[in-house]
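Look over the structure first, then read the points by topic.

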Amino acid sequence: PLAALGALRRFATDAAAEGSGGPRVLFPGGASPLGTLGWVGGGLELAGQIASSECPAPDEIYIAYGSGGTAVGLALGLALAGVSCDVVAVRVATRLAGNRRYAELLARRTFALLAGRADLGPMPALRLELRHDFAGTGYGHPTPEAEEAIRLAAGSNVPLEPTYTGKA
């Protein structure tokens, strides 16, 4: 698998250098600190809604974890706002990016972007739990549990699909 990953990286580097405008390869772990900032904003927005009583404070938020940007950003935004809520991130892709070490690295780098522009003090502890038991055979492959969740949610205002939301 590492040799294939190296080959894909070389392909992506060559394609970018050519500027062909053709297909691009996005690797597992493609979340960036800059992109993760959007979900930090989402966590801060949710914290504001909780503070203004627009919605109750959740105990847990379940979210799909592909490359981590959504889950890490949401957890960081909530932590920065002081909201005591667990973000339960359900891995849907490879462990290459779907692991604690990667999530912590992404969180530190994202926090550094913010801390470089404001005095935020030390990075807060994230209430982020990674779950690996619902990925099934891999990305894009539905699991019986995801199919059941999709069936149960049918007709609700919360549509689910088998790759991300059904697994979460």
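Glu-104 and Arg-100 sit four residues apart in helix α4, about one turn of the helix. Their side chains meet in a salt bridge, 3.9 Å from N to O. A salt bridge here is a side-chain nitrogen of Lys or Arg within 4 Å of a carboxyl oxygen of Asp or Glu. This is a predicted model: local features need pLDDT of at least 70, side-chain atom pairs count only at pLDDT 80 or more, and totals for chains, interfaces and linings use all residues. Residues are numbered from 1 along each chain as its sequence is written, and side-chain values use heavy atoms, with hydrogens and water left out.

**Salt bridges**
- A search of the whole structure finds four salt bridges.
- Arg-127 pairs with Asp-86, with the closest N and O atoms 2.8 Å apart. The pair links distant parts of the chain: Arg-127 is in the loop between α4 and β3, Asp-86 is in strand β2, and they are 41 residues apart.
- Arg-151 and Glu-148 form a salt bridge at 2.7 Å, N to O. They are three residues apart in helix α5, so about one helical turn separates them.

**Exposure of the charged residues**
- Buried means under 20% relative accessible area, exposed over 50%, and partly exposed in between (1.4 Å probe, protein chains only).
- Arg-151 counts as exposed at 52%, while Glu-148 is partly exposed at 35%.
- Glu-104 is partly exposed at 38%, and Arg-100 is partly exposed at 35%.
- Arg-127 is partly exposed at 39%, and so is Asp-86 at 24%.

**Strands and crossovers**
- Helices (H or I, at least four residues) and strands (E, at least two) are DSSP runs, numbered from the N terminus.
- Five of the six residues of strand β2 (residues 86-91) are buried, so the rest of the structure largely encloses this strand.
- Strands β1 (residues 60-65) and β2 run parallel, joined by six bridges; two strands pair if DSSP finds at least two bridges between them.
- Tyr-62 has Val-88 in β2 as its bridge partner.
- Four bridges join β2 to strand β3 (residues 128-131), also in parallel. Val-87 stands opposite Leu-128 in β3.
- β2, helix α4 (residues 100-115) and β3 make a right-handed β-α-β unit. Right-handed means that, with the strands pointing away from the viewer, the path from the first strand over the helix to the second runs clockwise.
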